[in-house]
Amino acid sequence: MSLLRSFTTVGGYTLLSRLTGFARDMLIASMLGAGMVADAYFVAFKFPNLFRRLFAEGAFSAAFVPMFSATLEKDGEEAAKEFANRCYAFLALVVALFSAVLMIGMPWAMYVFAPGFTDVPGKHELATELSRICFPYLFFISLCSLVAGVLNSLGRFAAAAGTPILLNLVSMAALAGLSRYTETPGHALAWGTAAAGVAQFVWLMAAAKRAGFLPRLIRPRLDDQVKTLLKRIVPVAFGAGMYQISLLIDTMLASMVSDGAVSYLYFADRVNQLPLGVVGIAVGTALLPILSRQIAAGDVKGASDSQNRSLEFSLLLTLPAMAGLIVLAEPIIRVLFQRGAFSAEDAQATAAALMAFSVGLPSYVLVKVFTPGFFAREDTRTPVRIALVCLVFNVVLNVALMQVLAHVGIALATALASVLNATLLATTLIRRGHYRWDERLKSRLPRILGATLAMTAVLLAGRWLAEGRVPDTSVAQALLLTGLVLAGGIVFAGMAVLTGAVRRSDLAQFKGLRRRPAGAKAGSDPSAGGEG
């Protein structure tokens, strides 16, 4: 399995999911705007989405994948299948009970997650109703997380990476088709979210069946392996999900800032999530099973090389993305969302939040690079300790900055907390001797920074030259934004090649980082059939 191919497979499907996600968000902005209904839906969706990322996709996958990969490497396919079946049954039971309890207690939970909603008549009740409609999504997507972990461990990344596309397509269909029949467009969107969970589950189960690893629902039992998995899940939930917890805190505080603040942060984060998702999710998803197998096989040098190349790849893409989002925040938000119920004032407020979020973009992705270095060694305690420190830092900074910068201060605090998180993870790995920068990375980083600065200068100059000269119409502004993005991309790519930040030999070196999944026959492609 090629490291670069894994990155590009996950990144390509994630890019497609982000693009369809933008189409979904544009439709939401147009039909819901940034007011009461939009705020209520975003909080309603954040409930199952948060728990999915913390306890299912984040914590469960981060604890499950290294154990499943090690079992596959050492004991073979049958043992790995049995382990997956036991985990599948236990996860289904726990998530079903958890979902039922929280749906019953939703009115009280809403006082915690969105305390400011009680100040607006009917907003608390609407958010509670939409949350109950959305919540079944958690059950199905949690089971999807286990199936995705199995497929990723087999080197079949495509099916799991494509599941968010189904969420976007089903949600858009529900919003466009059901809004005339429901009380509000938010209700149609909530029903679409629940239906999307079912569609994603069916999609991944079909992929697992084709791979010969279809999980079976057996009687749940707590054997030693499952107990070990459970012990690792709780700390991983904080270690892998610090960013999600930070966003939850953002939502809680934003609900007390102003009507619409939750929506501003949501739309800004969605734009910020494009490079974060394409690069961060691709790196984190592909790197964890690769590191787990390398470390299980005693290949220390291979693990170090994988992490260095992942870091180099991440910085090459996220540093220019950060600069671009900061310089072009306002035109990006205007082109994407300013139409229908989404006003010019909403666009300005969202753009300011996007600039603040973007400050932490490289560090968001670096957390995805460094965290697998702990999980692959089955160390789940250290990331949680670091995450808790950063969480306290985030809360204190949130409360301080929101007094001065309102919702923008909330976004900035989250970004700075992520910078601290990445720094502490890296220094801990270096201190333990589990990671060190190689000479190639040390020589490439200044060159990547130089190319980023050149790109930034071009974007600033372009905006200055266009000021007052380009008509204030949707088509003209979209063309201007497209031109600026293309010009910036060309300048960065050219400078990266000229300075040696990127070289022709890089592709061959990435492809040389190979590790064959256990059970693959010599000469076979584990991702044959379009699965990876």
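Trainee: Which residue just after H19 takes a positive phi, and what is the value?
Mentor: The model is predicted, and H19 in it covers residues 439-466. Just after that helix comes glycine 468. Its phi is positive, about 80°.

Trainee: How far does H19 reach from its first C-alpha to its last?
Mentor: H19 has 28 residues. At 1.5 Å a residue, 40 Å is expected. The reach in the model is close to that, at 42 Å.

Trainee: Which residues of H19 are buried?
Mentor: Buried means under 20% relative accessible area. An α-helix has 3.6 residues a turn, so residues three or four places apart point the same way. In H19 the buried residues include Arg440, Leu441, Arg444, Leu445, Ile448, Ala451, Thr452, Met455, Thr456 and Leu459, along with Gly462 and Ala466.

Trainee: Which glycine follows H6, and what is its phi?
Mentor: The loop to look at runs between H6 and helix H7 (158-161). The glycine in that loop is glycine 155. Its phi is positive, near 85°.

Trainee: Is glycine 155 buried or exposed?
Mentor: The cut-off for buried is under 20% relative accessible area. Glycine 155 has 3% relative accessibility, so it counts as buried.

Trainee: How far apart in space are glycine 155 and proline 289?
Mentor: In sequence, 134 residues separate glycine 155 from proline 289. In space, C-alpha to C-alpha, the distance is 8.5 Å.

Trainee: How many of the 18 residues of H6 are buried?
Mentor: H6 runs over residues 136-153, and its end C-alpha atoms are 27 Å apart, which agrees with the 26 Å it should span. The helix is largely enclosed by the rest of the structure, because its buried residues number 15 of the 18.

Trainee: Which helix supplies the largest share of the lining of the largest pocket?
Mentor: The largest pocket has a volume of about 840 Å³ and is lined by 27 residues. Helices that each supply at least two of the lining residues include H1 (3-32), H12 (261-296), H19 and H20 (474-499). The largest share is 8 residues, and it comes from H20.

Trainee: How many residues of that lining are nonpolar?
Mentor: Leu274, Ala321, Leu325, Ile332 and Val485 lie nearest the centre of the largest pocket. The lining has no charged residues and 4 polar ones. The nonpolar residues number 23.

Trainee: What percentage of the residues in the protein are buried?
Mentor: The protein has 21 helices and 0 strands. Among contacts between residues at least 6 apart in sequence, 85% join residues at least 24 apart. Of the 532 residues in the protein, the buried share is 58%.

Conventions
Residues numbered from 1 in each chain as written. Predicted model: local features only at pLDDT ≥ 70, side-chain atom pairs only at ≥ 80, totals over all residues. Heavy atoms only, no water. 1 Å grid on protein atoms, 1.4 Å probe; cavity = no way out; pocket = protein on both sides within 12 Å on 5 of 7 lines; lining within 4 Å. Points joined across faces, edges and corners; volume = space filled by probe spheres on them. Helix = DSSP H or I, 4+ residues; strand = E, 2+ residues; numbered from the N terminus. Nonpolar A, V, L, I, M, F, W, Y, C, P; charged D, E, K, R; others polar. Buried < 20%, exposed > 50% of the residue type's maximum accessible area, 1.4 Å probe, protein only. Contact = heavy atoms within 4.5 Å. Expected span 1.5 Å × (residues − 1).
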